[in-house]
Each structure stands twice: as structure tokens, then as C-alpha cells.
Amino acid sequence: MQSFSDFLDTISSEFTPVVKGFDRHDYAAIDLSANNRDLLKLEVASSAAFSVYITEFLKNRGKEAAYGGYNELRTLYNRSELFNNTASNRNIHIGLDIWVPEGTEILAPLPSRIHSFQDNDHFGDYGPTIILEHEVTGRKFFTLYGHLSRQSLENLEIGQELQKGSSFATLGDRQENGDYAPHLHFQIMESLQGKAGDYPGVVQREELDFYLKNCPDPNLLLKI
């Protein structure tokens with residue numbers, strides 16, 4: 001059977017937007033890993049300081065949106081007990097982050113149905129989250145959208161169908177999105193392992209092999 005990564009790569013042949021109002025040429029890749037020395041100067045516990053950093057990063061490059069973060073080791077999660085606690089140290093990011101302003105509309109990249117949703121309202125968590133279910137050539141998989149506005153969860157129905165390119169949510173601000181600079185956490189999962197409304201987006205090294213297979217690089221689909 002074709003690997004899930006190879007399968008994802010065949011679904012799209014060109015740029016597939018997941019946020020409204022930005023073309024492929026608007027994006028700049030950003031490194032938020034432990035190797036980025038600029039982050040040493042930043043108060044990473046402050047979402048306001050991070051917003052300023054993202055704004056300056058884009059201004060200096062003449063771009064409108066930043067993206068990146070798949071399989072990225074990040075120290076910024078040390079600020080939250082959700083990731084850094086006595087049970088585990090989760091610090092490897094396995095989604096794709098797209099850094100755009102709060103209120104930006106989120107688009108379904110493929111025909112979809114609402115699988116589940118909930119407000120993961122712990123400090124440092126996703127905040128409002130929606131999971132979509134997709135089926136392409138008989139193969140089922142899921143996409144997760146984190147750091148949304150609370151308004152995005154209103155009037156949703158499990159099983160609700162969405163067309164490709166339809167707007168179904170907006171990005172939240174740091175008061176509602178888990179205390180982050182505004183961005184979309186976009187992740188693809190072959191299996192949800194029985195979960196609903198939530199799925200790990202940051203994992204520990206001991207589990208990484210499994211998650212890289214179950215959650216391949218989302219840019220295989222988006223092709224930014």
C-alpha cells in the first residue's frame with residue numbers, strides 16, 4: 001500500500017490555500033527552532049513580544065505571511081506545564097504553523113465534513129479547535145485547525161459538509177487562542193487514535209517516529 005506521505009503528495013499538484021487572502025508569493029519560511037539565535041533575545045513567554053517578532057520578520061522580507069515548524073524542536077514550549085512536566089517533555093512540533101493576523105478566515109483545503117471540535121482552553125494549548133474528516137480515492141484522513149476564535153465553534157454540527165475552499169472559521173487573538181501570537185496550527189493525521197476535538201501537535205522525542213508517520217508534513221498537501 002502507498003505510504004500516507006506519498007498519498008498526500010499526490011492529492012494536490014499546486015498551491016492549496018488554507019487561509020484566505022494570501023497567495024503563494026506572500027509567504028516566507030520562518031525558523032522558530034532552538035537553532036534560531038534571534039529567539040535568545042526574545043521573551044518567548046510573552047505572546048505580545050512574539051507578535052512583534054513575527055511582524056518585524058515579515059516586514060524585513062516584504063512578505064505578508066510566515067509558515068513553517070514541521071518536525072521542529074522548539075524551546076518556547078518550556079513556558080507551559082502542558083508540555084514541560086514531570087511526566088514528559090514535549091517539544092517537537094509536528095504541525096505546520098501559518099502566522100497571519102487574527103480574524104483571518106480559514107479555508108477547507110479539500111471537500112470535508114466536520115468530525116469534531118472543542119475549546120482546548122489550557123494555557124499554551126490550541127484554544128478553539130476544529131478537526132475535519134476527508135476521503136480521497138477511498139482513503140480517509142483528518143486535518144486539525146488550532147488557535148481559532150471562539151466564535152468559530154458556534155453553530156457547528158458534527159457531520160456538516162464543507163466544499164473545498166469554503167470558509168469555516170477565523171483565527172483567534174491571544175486572549176482566546178492559548179496565549180500565542182495569532183497563527184493557524186494546521187496538522188494532518190491518518191489516524192486520530194480515538195480522539196475528538198484534540199490531537200497532539202507537540203510530541204516527545206521517544207514518540208517521534210510514530211507521529212512523523214501518522215502526521216506527515218502538511219506542506220505535502222498545501223505546497224506553499
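Mentor: G124 sits in the loop that links β7 (112–120) to β8 (127–136). G124 counts as buried, because its relative accessibility is 2%; buried means under 20% relative accessible area, exposed over 50%, and partly exposed in between, with a 1.4 Å probe and protein chains only. From D26, G124 is 98 residues away in sequence and 28 Å away in space, C-alpha to C-alpha.

A word on the source: this is a predicted model, in which local features need pLDDT of at least 70 and side-chain atom pairs count only at pLDDT 80 or more, while totals for chains, interfaces and linings use all residues. Residues are numbered from 1 along each chain as its sequence is written, and side-chain values use heavy atoms, with hydrogens and water left out.

Two strands are taken to pair if DSSP finds at least two bridges between them. Strands of a sheet pair through backbone hydrogen bonds, either parallel or antiparallel.

β1 and β2 run parallel and are joined by three bridges; Y27 has A65 as its bridge partner in β2. The next pair, β2 and β5, is antiparallel and also has three bridges, with Y67 bridged to I98 in β5. Then β5 pairs with β12 in the antiparallel sense over three bridges, and the partner of L96 in β12 is F186.

Y67 is buried, since its relative accessible area is 17%. Leaving aside neighbours within four places in sequence, Y67 is in contact with Y27, A28, A29, I30, L96, D97, I98, N219 and I224, where contact means heavy atoms within 4.5 Å. Q151, by comparison, lies 84 residues from Y67 in sequence and 24 Å away in space, C-alpha to C-alpha.

In a regular strand the side chains alternate between the two faces of the sheet. In β5 (residues 96–99), L96 and I98 point one way and D97 and W99 the other, and all are buried.

A second open sheet has three strands in the order β3-β4-β13, with antiparallel pairing. β3 (72–73) and β13 (202–203) stand at the edges with a single partner strand each, so one side of each has no neighbour in the sheet. β3 pairs with β4 (residues 92–93) over two bridges, in the antiparallel sense, and L73 is bridged to I92 in β4.

D179, in the loop between β11 (167–170) and β12 (184–189), has phi near 70°, a positive value in a residue other than glycine. D179 counts as partly exposed, because its relative accessibility is 21%. K223, in the segment after α4 (219–222), likewise is not glycine and has a positive phi, near 55°. K223 counts as buried, at 17% relative accessibility.

Next, the second largest pocket, which has a volume of about 210 Å³. Of its 13 lining residues, the closest to the centre are I54, T55, L58, V100 and P101. On a 1 Å grid over the protein atoms alone, a cavity is a set of points where a 1.4 Å probe fits but cannot get out, and a pocket is an open set with protein on both sides within 12 Å along at least five of seven lines; lining residues have an atom within 4 Å of a point. Grid points are joined across faces, edges and corners, and the volume is the space filled by probe spheres set on the points. Helix α2 (residues 47–61) gives the largest share of this lining, four residues. The lining divides into eight nonpolar, two polar and three charged residues; Ala, Val, Leu, Ile, Met, Phe, Trp, Tyr, Cys and Pro count as nonpolar, Asp, Glu, Lys and Arg as charged, and the others, Gly among them, as polar.

Last, confidence. The protein averages a pLDDT of 91, and 91% of the residues score at least 70. Over residues 79–83 the pLDDT is below 50, and this stretch has 20 contacts in the model beyond near neighbours in sequence. The score is the predictor's confidence in each residue, from 0 to 100. Where pLDDT is low, the predicted coordinates should not be read in detail.
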